[in-house]
Amino acid sequence: MVMDHIVFFLAVAIGEWADNFPTVPLTLEIMYNLQISIMPLFFGVGKISSHLFDKKYRLELSLVSSHCVQQPRAPQSTAVFTVTLIYCLACAQIFLQTYAHRLCRKISASFFEKQEEARIQYLFKKILRKHRKKQKMFL
């Protein structure tokens with residue numbers, strides 16, 4: 001989600017930077033002179049026609065056309081909200097799973113009291129063994 005926002009702000013910054021590039025002026029000048037002479041068949045003088053054409057075309061070339069550029073859109077806030085909600089639910093499920101496991105132990109202990117006492121004795125002896133091992137290591 002953070003990367004979406006970072007990419008969005010980078011796209012906006014790069015777009016503004018590209019828009020600030022100067023335009024390149026281009027001038028196209030076309031000149032031509034046309035002369036037509038017609039030779040008569042009989043020793044007469046033909047008509048001479050002359051036509052002069054001179055025109056300048058000016059253009060401004062830009063790096064990016066404003067018609068081709070799409071404005072970047074900000075990431076959808078609903079997507080951020082949805083991902084955050086799913087993350088919170090997953091974290092809550094982890095904590096609730098611990099309490100559900102404890103609740104199952106309490107329920108089973110209420111039905112099987114002898115088995116629960118044996119389990120408690122086993123866990124107590126296991127803790128004592130670990131404690132004695134640690135004491136031997138430090139002595």
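**Entry 1: the chain overall**

I started with burial. Buried residues account for 3% of the 139 residues in the protein chain. I note that this is a predicted model. Next I looked up the surface. The protein chain exposes about 13,900 Å². Carbon and sulfur atoms supply 66% of that area.

**Entry 2: elements and contacts**

I listed the secondary structure. The protein chain has three helices and two strands. Read from the N terminus, their order is α-β-β-α-α. I then checked how far apart in sequence the contacting residues sit. I took contacts between residues at least 6 apart in sequence, and 59% of these join residues at least 24 apart.

**Entry 3: α2 against α3**

I turned to helix α2, residues 77-111, and helix α3, residues 113-138. Their axes come within 5 Å and cross at roughly 120°. That angle makes α2 oblique to α3, because 65 to 115 degrees would count as roughly perpendicular and over 145 as roughly antiparallel.

Which residues meet here? On the α2 side I found R105, A109, S110 and F111. On the α3 side they meet E113, E116 and R119. I sorted the contact of α2 with α3 by class: four charged residues, two nonpolar and one polar.

**Entry 4: Q76**

Q76 lies in the loop between β2 (48-61) and α2. Is Q76 buried or exposed? Its relative accessibility is 58%, so Q76 counts as exposed; the cut-off is over 50%. I also checked Q76 against H5. The two are 71 residues apart in sequence. In space, Q76 and H5 are 9.7 Å apart, C-alpha to C-alpha.

How values were computed. Residues are numbered from 1 along each chain as its sequence is written. This is a predicted model: local features need pLDDT of at least 70, side-chain atom pairs count only at pLDDT 80 or more; totals for chains, interfaces and linings use all residues. Side-chain values use heavy atoms; hydrogens and water are left out. Axes are lines fitted to C-alpha atoms, for helices over the stretch in contact, and angles run from 0 to 180 degrees between N-to-C directions. Helices (H or I, at least four residues) and strands (E, at least two) are DSSP runs, numbered from the N terminus. Angles under 35 degrees count as roughly parallel, over 145 as roughly antiparallel, 65 to 115 as roughly perpendicular and the rest as oblique. Contact means heavy atoms within 4.5 Å. Ala, Val, Leu, Ile, Met, Phe, Trp, Tyr, Cys and Pro count as nonpolar, Asp, Glu, Lys and Arg as charged, and the others, Gly among them, as polar. Buried means under 20% relative accessible area, exposed over 50%, partly exposed in between (1.4 Å probe, protein chains only). Accessible areas come from the Shrake-Rupley method with a 1.4 Å probe; for residues, only the protein chains shown count as cover.
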